[in-house]
Every structure is written in structure tokens, then in C-alpha cells.
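Please read the points below with the structure open beside you, and look up each residue as it is named. The note moves from the ligand to the spaces in the protein and ends with a record.

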Amino acid sequence: MIDNMLKLARINIQKLKPYQSARRIGGEHGDIWLNANESPISVLFKLKKKSFNRYPECQPLNLISAYANYSNLCNDQILVTRGADEGIELLIKAFCEPGKDAIIYCPPTYDMYRINAKIYGVEVKEVPTIKNSWQLDILNIKLNLDKVKLIYICNPNNPTGNVVFKKDLLFLLKITLGTALIIIDEAYIEFFPQESMSFYLKDYPNLIILRTLSKAFALAGIRCGFTLARKDVIDILNKVISPYPIPVPVSDIAIQALEKDAIKTMKSRVSDLNANRTWLVNKLKKISCVKKIFDSSANYILVQFFMFEKVFCTLWEQGIIVRNQSDKINLNQCLRISIGTRMECERLIEEIQFFSKKFHF
Ligand SMILES: *Cc1c(COP(=O)(O)O)cnc(C)c1O
């Protein structure tokens, strides 16, 4: 019976390996979760709206205005979505002809660009970044532009943590003007705000920016993201979004999170996390089972370990859950560690130090 049902699914769905989300892999195991780049600290909210018998606005105006204010843009340059993930999908849905168009994706990076393209039957051209610097391979992107409608670039990149050279992004925007859209996923931009490309939206009609409240804003649980672009692109995306994508409690909380005081709190949390990252990197540098630490401008670090599997399992057994990235291109022996509270960072270091001594590194 199960086999028969699978045969009914579209061929590309039959072959699809779904996204391995942290919650799917990690389940509820452990007490220190450093595997999904979430905020380790929760913010408490109270719902202001108490009745839910009516459908929400398709694009809640107060929320759009709040985000426009936060990002220094106009209301008509903003689309609210069910997380940044929905933005990734809507772009493919609206711009890519299945079986005809292609996207470019530059691994190692966030997997959802590739997975959404596969779901829609859109070709994925993989142009890996340069090993260890993780900068874009501009030459190869340029050589692969045939049929390409969308180029997804994550900045700062997940899971490597680097920021992408601004000159490369501007070069890509120039050479694809009129043929393709450049999508910059700024899910972690609050950890290095100077790198945002939002300033360039006025200059480049082919620039799209994705944002989220899931990371720096500590609201992964409400599923709220934003797509920033010129009005004509936003209008197209509004054609394909579902009729009521943002539940009333979501916009209620998101609006509160974008109030002046809440943004201040967010910024202070970000600077604490950035300080914890520096602390963690300095401690790790002195541990001998650590092979290499990559520079990060986000709330996680990518670390290469000797005996990385044993490190992963030892931490797991101690209730500390990190993310194994070793199956990704050029990420041999690498684990990604989200930055937790200072106490969580201390626990992590203790365990890795203990491990390192036990195996006489
Ligand atoms: C976490 C993450 C997202 C998903 O954001 P949501 O708003 O939670 O859907 C998108 N892009 C990158 C690079 C991420 O790391």
C-alpha cells in the first residue's frame, strides 16, 4: 500500500530527500540546543488581540509599516511571509518555468534553495564557493548564467559564517540586470548589519533581500519573514502567495517585536551573542582536537575537528546538540555550533576540553 502511494507522487517528489531540519534530526533530545541557530534566550509576549473568528489581512498593514520603519524602506517594497523559507519558495513559484529555467546555488550553503527548486522541477546549477575563503566563484557563475532566473546567495553564509564580498554582489547585480534576480538571504544580517544590501534596492531592480524574525529577533516559533524588493517584484509575489499567510497572533507578536524598545533589546542580545562568539573562538583555539575554526559574522561558528564524529557523539551524550555539516561539499569533519548563552558556551568548552584530554590530543 505504502509503495503504491509513493508511485502516485510526482517523480521528482518520489526522489526527493526532504530538508533535514534541526528539529527533525535532534528531536527533543538534549538540554543545550546549539544546532538550529536559534536565540538561546526567549522573549515573553502577550497577545493584544483576543478574538480570532475573522481571517487576517493578507498583508497586515501595521506589520508592513513596522518593518518598513525598521529597514528604512517603503511599505510597497515589503512582503510578509511565513518565515524567510516561504520567500525562497514564492520566488521560484513566481519566476521559474519548470523544466525550462534554472537557479544557481553556491554550496556549502543553506539547503532550502536547492530543495525548493527540486520540488518545483526547476534545474539547480551548483557553483560551489571557493574552498576555505567561501567567497563566490564569480567566473563560474558568469559561465553558467544560461537559463538562470534566480541566483541565491546567503550573506552572512550559513553554515560557513563568512560575509560575501560586496564588490562581487554588485558585479553580479550588474551582469544579470534584465535576465536574472539576485536573492540575498540576510537571515543573519543583524549580527553584522553594515553588510546589508538593502541600501542598493533603489539602484537595482533585480535585487531581492530575504529577512527573518527567527534568528536575532528570537522568534523562530512564530514563523515570520520578509522579502524586500522593488514594488513591481513585490506585486508579482503577491499574486502567488496564499490568501491568508500570516495568522493574527503572528502579526500581533511581530509588531510588538518591531517596537523601538524591543529593537533595542534585540540589539543588546546580538552584541552579547557576538561577544560570546569571540569568547568561544578564543577558548576553542587552545584545544588540541580543534583543527580549524572559520571566521564568523553570525550567531554560529563552523569548526573542523580531529575525530569530529566522536566529538559530535560525546557532546550529544552530554545533552549538547550541535549540527554535523560533514556531508556537505568541502566541509569534511566540520560541525556547526550555534552561539548560546555564556553558560552554555562554558559547558560546551568543558566537554570538548575533557574529550581532548581523554584522547591525548
Ligand atoms: C534559518 C534560515 C532561514 C529560515 O528562516 P525562517 O524565517 O525561519 O523560515 C532562511 N535562510 C537561512 C540562511 C537560514 O539560516
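1. The ligand has 14 residues around it, and Ala-84, Asp-185, Tyr-188, Thr-212 and Lys-215 come nearest; a residue counts as near if one of its heavy atoms lies within 4 Å of the molecule. This is a predicted model, in which local features need pLDDT of at least 70 and side-chain atom pairs count only at pLDDT 80 or more, while totals for chains, interfaces and linings use all residues. Residues are numbered from 1 along each chain as its sequence is written, and side-chain values use heavy atoms, with hydrogens and water left out.

2. A backbone N or O atom of Ala-84 lies 2.6 Å from an oxygen atom of the ligand, a polar backbone atom of Asp-85 is 3.0 Å from a ligand oxygen, and Tyr-188 brings a polar side-chain atom to 2.6 Å from an oxygen atom of the ligand. Taken alone the ligand exposes 380 Å², of which the protein buries 94%; these accessible areas come from the Shrake-Rupley method with a 1.4 Å probe.

3. Which helix gives the most to the shell around the ligand? It is α5, residues 83–95, with three residues, where a helix is a DSSP run of H or I with at least four residues and a strand a run of E with at least two, numbered from the N terminus. By class, the shell holds six nonpolar, four polar and four charged residues; Ala, Val, Leu, Ile, Met, Phe, Trp, Tyr, Cys and Pro count as nonpolar, Asp, Glu, Lys and Arg as charged, and the others, Gly among them, as polar.

4. The second largest pocket has a volume of about 320 Å³, and its lining of 14 residues includes Tyr-70, Ser-71, Pro-193, Arg-211 and Lys-267, which lie nearest its centre. A pocket is an open set of points on a 1 Å grid over the protein atoms alone, with protein on both sides within 12 Å along at least five of seven lines, and lining residues have an atom within 4 Å of a point. Helix α11 supplies the largest share of this lining, four residues.

5. The UniProt annotation "domain: Aminotransferase class I/classII large", from an unreviewed entry, covers residues 46–352, and such annotations may be inferred rather than shown by experiment. Over residues 46–352 the chain is 37% helix and 17% strand, with the end C-alpha atoms 39 Å apart.

Conventions
1 Å grid on protein atoms, 1.4 Å probe; cavity = no way out; pocket = protein on both sides within 12 Å on 5 of 7 lines; lining within 4 Å. Points joined across faces, edges and corners; volume = space filled by probe spheres on them. Polar contact = N/O pair within 3.5 Å; in protein donor to acceptor, adjacent residues only side chain to side chain.
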